[in-house]
Structure formats: C-alpha cells, structure tokens
Amino acid sequence: QHGNIPFEDKSASIKVDFLWYPEVNGSMRQRIKSWTESSVAKPHIIVAGAATWSIKIHNGSSEALAQYKINITSIAPLLEKLARSSDVYWVLQDPVYEDILSESRKMITNEKIDAYNEAAVRILNSSSRNSKAKVKVFSVSKLIAQETMMKSADGLHLPESSRDTNAMILMNVYCNKIMKPIDGSCCQPQPPLTLIQKLAFCFFSLSIVGYIIISVIHRNNFRKNKSCTDLESGEEKKPAISTPNVSTLEMLLHSFCKLGLIMIYFYLCDRANLFMKENKFYTHSSFFIPIVYILVLGVFYTENTKETKVLNREQTDEWKGWMQLVILIYHISGASTFLPVYMHIRVLVAAYLFQTGYGHFSYFWIKGDFGVYRVCQVLFRLNFLVVVLCIVMDRPYQFYYFVPLVTVWFMIIYATLAIWPQIVQKKANGNCLWHFGLLVKLTCLLTCIYFLSYSQGAFEKIFSFWPLSKCFELNGNVYEWWFRWKLDRYVVFHGMLFAFIYLALQKCQMISEGKGDPLFSNRVSNVLLFISVVSFLIYSVWASSCKNKTECNELHPSVSVVQILAFILIRNIPGYVRSVYSSFFAWFGKISLELFICQYHIWLAADTKGILVLIPGYPMFNVLVSTFIFVCVAHEISQITNDLAQIVVPKDNSTLLKRLLCIAGFFSGLLLFSAMQDQSRH
C-alpha cells in the first residue's frame, strides 16, 4: 500500500507507524527533523531506507544517484542525532530478480542497487565516527533477500517468509537486550566488567608476565651454562648434568599463567559476545546415536583391572566417566524435555552422590584420618575451579549447584564420623558394640535428613544466615539450593550404609573377590544377579512411564537407590566382569568434575541454556572442534588443580594454618567487594 499505515495497541502501550517516504528527499528530511526537536516524543525505533523508487522514477540515471548522495548527506546528521536516544536502522535495499522484472522496472538492476547501498553506508555515520551513537546498518535483509529472491512473485518484492525473518531479527535485536532471555538467543549486550573481574584480570596478567620473566631468566642461565670449547686443548667441556630444580614460585606462576589463559577463553566464549550461540532442539537421534557411539568406544578399550575388589578405583573411574559422557550428551541435545531420559539422568546424578557417600565413608572408616589436611585437600580439589569461575564469570556459587552439593555432603559425612565418639574400623574390630554405635550415628543422620526435607522453613533459616547466604542464594533466595538438596537427599546416606555393609562382609570374609571368582556362592550369586536385572528393568519401565515430572521427582529420592544397587551388583557379582574395565571411560572419569563444570561456558553457552558456535554453518564440525577444545581444557584444569593443591595445602600443620588464615582473608575481601558491587547495582 503506497501510503501511511498506522497501528496502535493502547492496552500494550505500543504505537507503530509505517510512513510512506519512497525517496530520500525534503519530505523525509522534514519528518526526521521533527523528531529531533525536544518538544516532540521521539520514537524508540526508527527503521528507514529508500533507493529503488529513485532508480525507477529517474530511469536509473547517474544524476539521480548524485542527488541521492546529496540528500543522504543532508539527513545523516539528523539520523545520527536521533541515534543518541533511539535505535536508528538504515535498511539496505534488497537485490532484485532481474529475469522476471516487468518492463516498467527493467531499469532497477542489482548493479545500481549496490551503488545506492554503498553511498548510504559510506555517508552515514561519517560525522560521528568516534561517537557511540551511530546509525545501525540493517544489512541482514539484503542477505536474506539473496537467498529467497528466487521465490519472488514479481522479482522486486520479497516473499512473506523473508519479511517474517526480518521482523524476527529486528525484534530480537531490540527486545533481547531488555528481556535478557535465559537461552542462546542473540543480541544481548555484553555485561560490564565488575570490580572483582577487573582485579582477577590484573592478577592473571601479573602471573603471565611474572612467569614469562622467570622463564626468560632461566633460559639465559641455561645458555650461560652450555658447553663451551676449551681454547687450549680444543676439546669441548660439558658441564655436570643436573636435574632442573623448579621452585614453588615458578610452579605457582606457571599454573596461574595457564589458568589465566584458560579463563580468557572462558570469558570470550560466554561473556564477550565474540562467538555465536544457538538454542537446543531435542530429537531422539541427537541423544541416542552419540550414546551408541561412546558405548562402542568404551567397550573397545577394555583392559584388566589392577585389583578385583568391589568398586575398585578403575571401576569407579569408569563409572564416573561413562555417566559424565551421557550427562554431557543429555545437556547438549536438550534431552531434559523428554521425561524418561530426564528420570534416568537423575539416577546418574544420584549415583555420583552415592559414590561420594561410599568413597568418603570408606576412607574415614578404614584410615581413621580426620586431620585438617585431608579436609582441606578435598575441599580445595572440589571448589577451586568453581571459585575461580564465580570470580571470572560473575556467577554465584550456587549457580554451579553440583559442587556445593558434594561439598556440603562431604562436610556432613566428616561431621557424622568425626564427632565423639569417633568410631573407625580398627576400634570396631576390637569390640562389635562399636558397630551398633556407628549404626546409631547413621540413624541420627537419617533422622536429620528426613526432618530437613519436610521442613523447608528450618532448612532455609540455616542457609539464610550470612555469610552462608552468599554461597547458597540464587536469585535472592535459597529455594533452588533446597530443591537440589532435597532431590537426592537419601542417596549419600545409602552410599555410606552400603560401604559399611560391604566392608563388614569383607572383614567377615563372606564375599570372594578373587580374580574370576563370583562375589558369592554360585547359587546366591545367580539369585542376586537375577533380582538385580529385574529390579534394574522395573525401575527403567517406571521411569519411562512417568507422566508428571513433579510427582516422579517426589518418588526419586527413595527409589533411585534401587537402580544404583542393581547396577553395582550386575557389575561386580560375575568375576570376569569385575576383573575388567574400560580405560576409555576411566580416563574421562578422572576429569569428570572438571568436565561437568567447564561445560557451562565453553561447550554449552549462555550459562548452559544454549550451544557454543565456534564455526558457524557447519554444526557437526563445530561440535567436534568445540568438544576437542573443551576436553583438553578440562584435562589441563585438572592438572592445574592437582599442582596447586600440593602448594596451597601443605602437609605441615603450622604452614597449613598460615595458608588457611590467608585463604580466610582472601574470602573476607571477596565478600567485601561483593557487597560493594551489590550496593552499586542497587
């Protein structure tokens, strides 16, 4: 329609006007000038563009192009002035499909359209090149037209689908910076650097510079000590070979140098708007086909275990590894929308926590080591990466929910076993009554868990006290933390109880863990194996028949242990199965925690809501490249964490105490700066 088209929705306070100004002339200039006057309400968005009519009316003459440039030059300062307070877009003219243009439009050629577009792009913003307020060139419409113009009915006007796409992009550009959708959508503004992020950047920069300086000094010293020729005899004298002594400072700087470079990559991937993100779209094939691939690879790399005990180190690493790979595929494919898959993944998360209960209980029960060194080592290894990411990525601790979960459960296990009376295996072997004492402790723990799970108010009061609230609040409350804790509230207790029963049976020599031997007698092993397989399948059938996520989540804490125990028995009762493991899965299991945390920002994106796109247009190649980098980074961070743990957490108690005071000072400063940031934001 060659005329103005008004639209207004008073209920939504929206007013949109299509204004018919087909040429850049005095009429268009007068309209734009009226908006620049202070007494007039300025539009929030202005989308302007013209050229095709000028080509048609003036028969594509060069004089018309020259006049177009003069007219664009006259309105450019006005548009740039409007751009200070409004979003101003200049739409490039779309190409035409010259073969089907009518005779009256034959003078409109793509060559002339390109000349007009080039003139507009060159002239606009020429007077404000150093200003932040600029007219935005809406060039995407031209790109869309190049793909869809073949479907045009008359060779000039775009098909309806093209206009829909243009409108969608325009709304994304304007709305997303206000609505800030929590997904992989485009066009959200880059968040400003916080004070803590700036300090972290300075720290890592100094570490990198310091490591480079030390490396240069060592290289120069090495050159000086190189063999030199004896001038008298003409023979080459070689210095005595000595093992290079790497100082603690050098190792520290080396670790922080690598970590700093890795954190820059994290920031660029998920905060700097340098790389694109895409949203997830679930299909069965996108989840199940990769699962089949990794299972085949895992079976291919089968080796014999060093020991044949139940849940030996190689087996638990293997278990963590394949579970982590399945969880990664679950996240990148968006399979949480498919309830049966969601319920089975919940069992895998529960199995991690089951291993937490089993592993830490076994250590304290057998070793009886309740020293500060052990506690600090575990807490450092669990939390180091997350603390760094909280600082660099400006995210709360609770955002990485799994680490707070395993940290709190570790402290609960430690407190349960460390408080008086300390009951360990060595003491219990001397008097069987101590076993009942431990069962009383476990019963008290179960009672506390049951009480807190049904008393949300009491739970929230405990974790709402400062400074605990700073760690466990998300979006201003601790509900998310309560939900996560409640979802797997019994499984750590189940892991502790299983460890106690297993170690008791092992001590009484009621199980056989020799190579190739079944765990029990043949009859008992067959019965237990049959029950385990049936239980495993029954749980899977129940999980697959779930219709309501809320109802299934309510049952999950009580029944998830069924499939976990069934898997353990199936994996360990047959002697041959217990004697082998997959080195492929075990390798990933050793870095499973780093994989789980790193995926948030450098494999997925938009804080796990989208998918990182390093190579646009090639989805499979993009996944391969981003996955390779992601796994390498996770492995490197695991090495850095192990190296720093040896330095930061020494075995000497007096040195450890000094380090703990320094760490306490660091977190106090972090809380202070965080409070300052919160105050400035409000």
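How many of the residues of helix α23 (residues 583-590) are buried? In this predicted model, the count is 6 of 8, and the helix is described as mostly covered. The buried residues of α23 are Ser 583, Phe 584, Phe 585, Ala 586, Phe 588 and Gly 589. Several helices and strands pack against these residues: α9 (284-300), β9 (302-304), α10 (313-333), β10 (580-582), α24 (592-602) and α25 (619-648).

**The chain as a whole**

The chain holds 26 helices and 12 strands. Its C-alpha atoms fill a box of roughly 105 × 90 × 50 Å along the principal axes. The radius of gyration is 33 Å, whereas a compact globule of 682 residues would have one near 26 Å. Of the 682 residues, 44% count as buried. The accessible surface is about 37,000 Å², and carbon and sulfur atoms account for 63% of that surface. Among contacts between residues at least 6 apart in sequence, 76% join residues at least 24 apart.

In soluble globular proteins, nonpolar side chains tend to be buried together. The largest nonpolar core here has 134 residues, and the members touching the most other members are Met 263, Phe 266, Trp 319, Tyr 400, Phe 402 and Ile 564. Helix α11 (residues 339-367) supplies the largest share of this core, 17 residues.

Apart from neighbours within four places in sequence, Phe 266 is in contact with Leu 389, Met 393, Cys 598, His 601, Ile 602, Val 633 and Ile 637.

**Helix α3**

Helix α3 covers residues 62-82, which is 21 residues. At 1.5 Å a residue the helix should span 30 Å, and its end C-alpha atoms are 30 Å apart, so the two values agree.

The buried residues of α3 are Ala 64, Leu 65, Tyr 68, Asn 71, Ile 72, Ile 75, Ala 76, Leu 78, Leu 79, Glu 80 and Leu 82. An α-helix has 3.6 residues a turn, so residues three or four places apart point the same way. The cover over the buried residues of α3 includes α1 (26-36), β3 (45-48), α2 (52-57), β4 (87-91) and α4 (110-123).

Gln 197 lies in helix α7 (residues 195-224). Its relative accessible area is 7%, so Gln 197 is buried. Leaving out residues up to four places away in sequence, Gln 197 touches Pro 192, Tyr 267, Ile 391, Val 392, Met 393 and Asp 394. Val 392 is 195 residues from Gln 197 in sequence, yet their C-alpha atoms are 5.4 Å apart.

Leu 439 belongs to helix α15 (residues 433-453). Is Leu 439 buried or partly exposed? With a relative accessible area of 32%, Leu 439 is partly exposed, because buried means under 20% and exposed means over 50%. Beyond its neighbours within four places in sequence, Leu 439 is in contact with Leu 497 and Phe 500. Leu 439 and Leu 497 are 58 residues apart in sequence and 8.7 Å apart in space, C-alpha to C-alpha.

**Backbone details in loops**

| Site | Feature | Value |
|---|---|---|
| Trp 420 to Pro 421 | cis peptide bond | omega near -10° |
| Trp 466 to Pro 467 | cis peptide bond | omega about 10° |
| Leu 311 | positive phi | about 50° |
| Asp 607 | positive phi | about 55° |

Pro 421 is in the loop between α13 (402-418) and α14 (425-430). Pro 467 is in the loop between α16 (456-463) and α17 (468-472).

Leu 311 is not a glycine, and it lies in the loop between β9 and α10. Leu 311 has 8% relative accessibility and therefore counts as buried. Asp 607 is not a glycine either; it sits in the loop between β11 (604-605) and β12 (610-613). At 10% relative accessibility, Asp 607 counts as buried.

Methods:
Residues numbered from 1 in each chain as written. Predicted model: local features only at pLDDT ≥ 70, side-chain atom pairs only at ≥ 80, totals over all residues. Heavy atoms only, no water. Helix = DSSP H or I, 4+ residues; strand = E, 2+ residues; numbered from the N terminus. Expected span 1.5 Å × (residues − 1). Buried < 20%, exposed > 50% of the residue type's maximum accessible area, 1.4 Å probe, protein only. Contact = heavy atoms within 4.5 Å. Core = buried A, V, L, I, M, F, W, Y, C linked by side-chain atoms within 4.5 Å. Rg over C-alpha atoms; globule rule 2.2 N^0.38 Å. Areas by Shrake-Rupley, 256 points an atom, 1.4 Å probe, with all protein chains shown as cover.
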